[in-house]
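Here's a quick briefing to read alongside the model.

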Amino acid sequence: MKARIAFLPGDGIGREVLVEARQVLEIIASEHGHEFEFVEGDIGAIAIERHGEAFPLPTREICESSQAVLLGAVGHPKFDHLPPDKKPERGLLALREFLGNYANLRPVLISEPLIDSSPLKSDVVRGVDMLIVRELLGGIYFGKPRGRDGDRAYDTETYSRDEVRRIARMGFKLAQLRHRKVTSVDKANVLESSVLWRETVAEVAREFTDVKLENMYVDNCAMQIVARPQQFDVILTNNMFGDILSDEAAMLGGSLGVLPSASIGGKVGLYEPVHGSAPDIAGKGIANPIGAISSAAMLLEHSFGLHHEATKIDRAVVKALSRHYRTPDLKSRTKEKTEERIVSTREMAECIRDFIRTPDAT
Ligand code: IPM
Ligand code: MN
């Protein structure tokens, strides 16, 4: 196939990991006879510097004329003093909104070689395979009114029935392709918006009689994710809770660096690692490229339906880990692991690309 992909490296380690993901896609293209054209745009802090805003018009045009968007990360400490509406992060929120991507999918799959990197016991994390389905365009991130009133500041958590319905349907449909269980996470013992969420999810559940629905309060869920993560299949939740729970769940595999994400539901899918711009390690060449590379695999799967190619990337990632390649964030917690090889961003990515070129190598 022929496709145009918007390439938005953004800030910090986003730039370092995204070039690696792009090279992965270039190899896939040349090996499988596809043609991917990458068109680069600015977003986040770099866009504020170059264009005076975090999501400038040229980037908007690149995104809407592409079939998918691949993004690195946004955010820079030099803009810490700005109000939320002016920060680099606002560029990402504006992009999600512009594309209409209301569903954010964050799979947490603990492959065998990752178990040693987990801060939790191996029996707790072995076989974990959950998908966090986070509502991405509503809730307190976008709710009005928001602002200041003298010494008071306020934000608004708000959801409509339609907004809940569409994300719930997405969650149930995805559960049908997996283990047919949805855990809907809310705070319905306190928040009215959560009461509406719960009611609406129950309504949608009636359309999917082959999927089991369970409701869980968010505080309990935060605890269950570290106590018994194997119980989860699809976690369906709102924007804010999904943001928090996905960072927590990422640590089951020892690092936020391995988690990919897909934002879908709108015109053009957006794919980005869950980790941020990580200014503390930016420029050192040690960032973990797996989150970005796995996001490229999600792009092939969800935007282009290239299941075989996506699987090839996922397998190569597991193989590189099985060969004991570890970026520093994945350093094993069990001291005896002497075969472990601490590698750079480039070395890890090269190893993954080698396994894509020769999938049968060991
Ligand atoms: C994420 C990030 C973003 C969010 C920020 C950078 C706006 O934390 O994708 O999880 O809160 O959604
Ligand atoms: Mn986050």
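Is Leu136 buried or exposed? Leu136 counts as buried because its relative accessibility is 1%, where buried means under 20% relative accessible area, exposed over 50% and partly exposed in between (1.4 Å probe, protein chains only). This is a predicted model, so local features need pLDDT of at least 70, side-chain atom pairs count only at pLDDT 80 or more, and totals for chains, interfaces and linings use all residues. Residues are numbered from 1 along each chain as its sequence is written, chains are lettered from A and ligands numbered from 1 in the order in which they are written, and side-chain values use heavy atoms, with hydrogens and water left out.

**Around Leu136**

- You'll find Leu136 in the loop between strand S5 (129–135) and strand S6 (147–149); helices (H or I, at least four residues) and strands (E, at least two) are DSSP runs, numbered from the N terminus.
- Leaving aside residues up to four places away in sequence, Leu136 touches Arg96, Asn101, Tyr102, Ala103, Asn104, Phe142, Asn239 and Ser263, a contact being heavy atoms within 4.5 Å.
- Asn239 sits 103 residues from Leu136 along the chain, yet their C-alpha atoms are separated by 5.2 Å.

**The ligand site**

- The shell around ligand 1 is made of Glu89, Leu93, Arg96, Arg106, Arg134, Tyr141 and Asp243, counting a residue if one of its heavy atoms lies within 4 Å.
- By class, that shell holds two nonpolar, no polar and five charged residues (Ala, Val, Leu, Ile, Met, Phe, Trp, Tyr, Cys and Pro count as nonpolar, Asp, Glu, Lys and Arg as charged, and the others, Gly among them, as polar).
- Helix H4 (residues 89–99) gives the most to the shell, with three residues.
- Oxygen atoms of ligand 1 lie 2.7 Å from a polar side-chain atom of Arg96 and 2.8 Å from one of Arg106.
- For Tyr141, an N or O atom in the side chain is 2.5 Å from an oxygen atom of ligand 1.
- On its own, ligand 1 has 320 Å² of accessible area, and the protein covers 79% of it (Shrake-Rupley method, 1.4 Å probe).

**Salt bridges**

- A search of the whole structure turns up 27 salt bridges, each a side-chain nitrogen of Lys or Arg within 4 Å of a carboxyl oxygen of Asp or Glu.
- Glu31 pairs with Lys312, with the closest N and O atoms 3.3 Å apart.
- That pair links helix H1 (residues 13–32) to helix H11 (residues 307–322), with Glu31 and Lys312 281 residues apart.
- Glu31 counts as partly exposed at 37% relative accessibility, whereas Lys312 counts as buried at 15%.
- Glu35 and Lys2 meet at 3.8 Å (N to O).
- Glu35 is in strand S2 (residues 35–40) and Lys2 in strand S1 (residues 2–10), 33 residues apart, and both residues are exposed.
- There's also a network of salt bridges linking Arg161, Asp162, Arg165, Glu199 and Glu203.

**Glu20 in helix H1**

- Glu20 belongs to helix H1 and counts as buried because its relative accessibility is 2%.
- The side chains of Glu20 and Arg353 are joined by a polar contact of 2.9 Å (a pair of N or O atoms within 3.5 Å; within protein, one must be able to donate a hydrogen and the other to accept it, and residues adjacent in sequence count only if both atoms are side-chain atoms).
- Beyond four places away in sequence, Glu20 touches Pro289, Ile293, Thr345, Arg346, Ala349 and Arg353.
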